[in-house]
Amino acid sequence: MKKLMTMAGTALLSASAADLCFGANGSQLTAYGAKAAGMGGASVAFPQDAIAAASNPAGMAEVGSRLDGDLQFLYVKSRTQFMSEDNEHHGQRYAPVVEFGINYQVDEKLSLGFSTAASGVLFRYNDALLPNPNLDRAKGALLQVVGLPTLAYKVSDRLSLGISLALAAQRFEAQGIPIPGTDEGFPAHGAKYSFGTGWRAGALWKANDWVSFGAMYAPKIKMSKLDEYKQDLLSTVAGSIDMPEQYAFGVAVRPTDRLTLALDWQHISWQNVDAYHELFGWRSQDVFRLGGAYALTPQWTVRTGYSTTRRQYGSDFATQNALLVGINPNAVTLGATRSFRNGSELTFGYEYDLDADVKGTGPSTGTKISTNMGFVTVGYGWKF
């Protein structure tokens, strides 16, 4: 047991960002609006609401004056064999994720708006990861939200450009991490907060009446240090967890007046952020999202989608990621919107992340993580 404690402490010390819950939407549960959620997140070239700046700031030039608010309910269940098949742990969590957007069409060309982009989640096991009375129950959270004040401009009837200021905030908490070589755990510092600023920009080009192309770029956001945690868990990365660079390209095709198909490719540079790459062994990801929207009637629109990527780390790093249970690289989605005469809309969506597991190899032999997760979305929109 002493040897197991030492090995576990060494592994989890390098996995100190604790309980993120990542899935197929870029390895990160990211809110892109209720309508986009129903299409697997495909939205770079197909803006549908005032949360469009989260995926492409230029899209705000196309949605008109409107207000949107969504609530996502996440569920995640995990079963983990930690370093031995005889040391099994279970956990589950339910959590709300809120997103919001508002846009004002100043004139035919200029619009001003504000969107939010939320990501991360929380998770906890039912007990400590090792049978040691000195260890707390393993749990934690990394919640992130980016506020996006946005200016979008129609250069022409075909081309729109947009730029957003990115105002980022994080809430981080972790406990139950063993100290290498001892029977003790790192102190639980509770929830701490960090902040950062950045930007993102985008373009949207309507090649003709039936096909559009979109592009977005967001550089890495340097986050401030997380007090207390920078003295122990995050000491090797200067106490901060930066938000990674990302860029995306998308195409939307409208073969009929009722049907729109959208395809996105997004690249997330986890490998260029020390807190993810050096501590967890994370690699950069390419995420592919395919979605469709069909107008059944003037009042009803239905959506479906699929997203896929590779897992954010190799099986050799399973032990380091024992608290990062979101390993599901593939997801399917469904959604529907009901429009009303007063300009309001009600949207429902559901995402199911296909069951997945990772079995550790090499230094992670003995660790196995199995996860089931998904979320339900309810959204309200109002055109004014």
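Trainee: What volume does the second largest pocket have?

Mentor: About 240 Å³. This is a predicted model, where local features need pLDDT of at least 70, side-chain atom pairs count only at pLDDT 80 or more, and totals for chains, interfaces and linings use all residues. Residues are numbered from 1 along each chain as its sequence is written, and side-chain values use heavy atoms, leaving out hydrogens and water.

Trainee: Which residues lie closest to the centre of the second largest pocket?

Mentor: Of its 18 lining residues, A118, S119, L143, Q144 and V145 do. Strands are DSSP runs (E, at least two residues), numbered from the N terminus; β3 gives the most to this lining, with five residues.

Trainee: How does the lining of the second largest pocket divide by class?

Mentor: Into 13 nonpolar, four polar and one charged. Ala, Val, Leu, Ile, Met, Phe, Trp, Tyr, Cys and Pro count as nonpolar, Asp, Glu, Lys and Arg as charged, and the others, Gly among them, as polar.

Trainee: And what about the largest pocket?

Mentor: That one holds about 820 Å³ of space. Among its 34 lining residues, F46, P47, Q48, R254 and T260 lie nearest the centre. Its lining has 14 nonpolar, eight polar and twelve charged residues, and the largest share, three residues, comes from β10.

Notes: 1 Å grid on protein atoms, 1.4 Å probe; cavity = no way out; pocket = protein on both sides within 12 Å on 5 of 7 lines; lining within 4 Å. Points joined across faces, edges and corners; volume = space filled by probe spheres on them. Helix = DSSP H or I, 4+ residues; strand = E, 2+ residues; numbered from the N terminus.
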